[in-house]
Amino acid sequence: MRRDYEYIVLGLGGWGSAAAYWLSRRAGADVLGLEQFELGHVRGESQDHSRIIRLSYHTPEYVELAKHAYKAWAEVERDAGEQLVLRTGGLDFGPRESAIPLTNYSGSMDAAGVAYEHLDAAEIRRRWPQFTVTDDIHGLYQPESGIAMAARGNAAHLRMATAHGATLRDRAPVERLRPTSGEIEVTAGGVGYRCRRLVIAAGAWSNGALTHFGVHLPLRVTKEQVTYFATPHQSDFQPDRFPIWIWMDDPCFYGFPTFGEAGPKAGQDAGGQEVTADTRTFEPDQAALKRTTDFLGRYIPKALGPIIYTKTCLYTLTPDRDFVIATLPEHPNVAVGIGGGHGFKFASLIGRILSELAIDGRTEQNIEPFRIDRAILQLLNPPTSYMV
Ligand SMILES: Cc1cc2nc3c(=O)[nH]c(=O)nc-3n(C[C@H](O)[C@H](O)[C@H](O)COP(=O)(O)OP(=O)(O)OC[C@H]3O[C@@H](n4cnc5c(N)ncnc54)[C@H](O)[C@@H]3O)c2cc1C
C-alpha cells in the first residue's frame, strides 16, 4: 500500500471531498483523502438533499465569492456529467425593521453588479400566494438562487476525484499529525502516511486536527435541524412554482421547495444547542421544531403537513460567522477550511481554493476576510454575531 503522497486531505465531507477533487485534477495519483467514517455519512455538516445557493449576501466580498461558486459547480457538472445546482429563484424577506437588514444585501449586490428585485408585500403575495405576508413585510428576489444538491455534489466530487487518480480511504480517522522538516507525518487508523502538503477540512472536528500544530480556534459547534413536511398542497411547492426563501430577522428561518423528499423543507438558522461532534445526539429538538412550525403557520401555512422527518446536522460556527480559508502561518504547507454554518454553496469553489493553496501556495480569490490569524479568532471568549 502506498504511504507517501504529495497531498493529503483530512476529512471528506463537503469541503474536503471538493478539495480532493480539485487536487486530483492537477495532481492525480499524488492525492490521498482520509475520512474517519464511511463516505457520505451523516454525522457532519454536509449530507442532505439540498443546501441553499445564492448570490444574495451581506457583503460584496461574499457576493463575488458566490459568483465564482456557481462557476466552480458548473465546471464539476460538466466533468461529472450531471446536474448539481437547480435554480429556483430566492426570496429574502422580513420586516422593514429587522435584525438582518435587507439593505446590507441589496447594497452588496449593487456593489457587485448583481441584479435583483425589491418586492413589497402585495407583490410577494401576487407572485407566490403561498407567502401570507402582512403589509409591513418586504423582500428581495434574486433569480439565480436555488439548490446546491448537497449529497449528489459530494458524491460527484468523490467519484470524480477517484476517476482523476486520487486514493480515498474511509474509516481512516487521523489520530496524529507531526510536522517534520518539509513534510507531515499522518497516522490514520493505525497506518502511517507522509505528505508534503496537507489540507484540513475537518468541520466540527477542526480543533482536534489543529491541535497537532499548536492551534486552537474559538469555534462553537451546534446541533441544527431541518424538517420535511408532507404538504397536502404539493403542486404549490414544486421548484418551478416556489423559491428558496430566508426570513431575515432574529430568529432567522429558511426553506426550500419540494426536492429530494415528498414535500418542502424548512429550519431555523443557528437555532440549535451547543454540542460536541462526538457526544451529540441525533434526536430532533422539539422546541426548535415548534419555532419553525409556528413560523410556517404564520407566513407559509400551506407548506405544513405531516412531518416526513427532521434531520439533525452540525454547524461549526466561528464567532463572526466568516469562514476560515488559509494556510497556517507557522506551517504554510498546511491549508485549512472551516465553513461557519453557511459554507455548502461554496464547497466546490473552496475545494478549488484549498487545492490552489496546497499546490501553488496562493489563490486568485480574495480570502483576506478568512484569515486564520484574524483578531477575533485570537480571543478565548470572543463576542459572537451569527445573524449576518
Ligand atoms: C442544517 C444545516 C443547514 C445548512 N444549510 C446550508 C445552506 O442552505 N447553504 C449553505 O451554503 N450551507 C448550509 N449549511 C452549512 C454547510 O452545510 C457547511 O458549511 C458545510 O457542509 C461544511 O462542510 P465541511 O466539509 O466543513 O464539514 P463536514 O461535511 O462535516 O466535513 C468534515 C469531515 O471531516 C471528517 N473528519 C474530521 N476529523 C477527522 C479526522 N481526524 N480524520 C478523518 N476525518 C475527519 C468528518 O468525519 C467529516 O466527514 C447548513 C448546515 C446545516 C447543518
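## A threonine, a helix and a ligand shell

The side chain of T231 reaches the backbone nitrogen of H233 at 2.8 Å. This is a distance in a predicted model. The side chain of T231 also reaches the backbone oxygen of K302, here at 2.6 Å. Both distances count as polar contacts because a pair of N or O atoms has to lie within 3.5 Å, with one atom able to donate a hydrogen and the other able to accept it.

Where in the chain does T231 lie? T231 belongs to the loop between β13, residues 220-229, and β14, residues 244-247. Leaving aside residues up to four places away in sequence, T231 touches F237, P264, K302, A303, L304 and G305.

The next stop is helix α8, which covers residues 347-360. How far apart are the end C-alpha atoms of α8? They are 19 Å apart. At 1.5 Å a residue, the 14 residues of α8 should span 20 Å, which agrees with that distance. Of these 14 residues, 12 are buried, so α8 is largely enclosed by the rest of the structure. Among the buried residues are A347, L349, I350, I353, L354, L357 and I359, and also S348, S355 and E356. An α-helix has 3.6 residues a turn, so residues three or four places apart point the same way. Just after α8, G361 takes a positive phi of about 75 degrees.

The last stop is the ligand. Which residues come nearest to the ligand? Of the 33 residues around the ligand, these are E35, H41, S46, C313 and K345. An N or O atom in the side chain of E35 is 2.6 Å from an oxygen atom of the ligand. For the side chain of Q36, the distance from such an atom to a ligand oxygen is 2.9 Å. A nitrogen atom of the ligand is 2.9 Å from a polar backbone atom of V174. The protein covers 96% of the 1,000 Å² of accessible area that the ligand has on its own.

The elements that give two or more residues to the shell around the ligand are α1 (14-27), β3 (50-53) and β18 (307-317). The largest share, 3 residues, comes from β18. By class, the shell has 17 nonpolar, 12 polar and 4 charged residues.

How values were computed: Residues numbered from 1 in each chain as written. Predicted model: local features only at pLDDT ≥ 70, side-chain atom pairs only at ≥ 80, totals over all residues. Heavy atoms only, no water. Helix = DSSP H or I, 4+ residues; strand = E, 2+ residues; numbered from the N terminus. Contact = heavy atoms within 4.5 Å. Expected span 1.5 Å × (residues − 1). Buried < 20%, exposed > 50% of the residue type's maximum accessible area, 1.4 Å probe, protein only. Near = heavy atom within 4 Å. Areas by Shrake-Rupley, 256 points an atom, 1.4 Å probe, with all protein chains shown as cover. Nonpolar A, V, L, I, M, F, W, Y, C, P; charged D, E, K, R; others polar.
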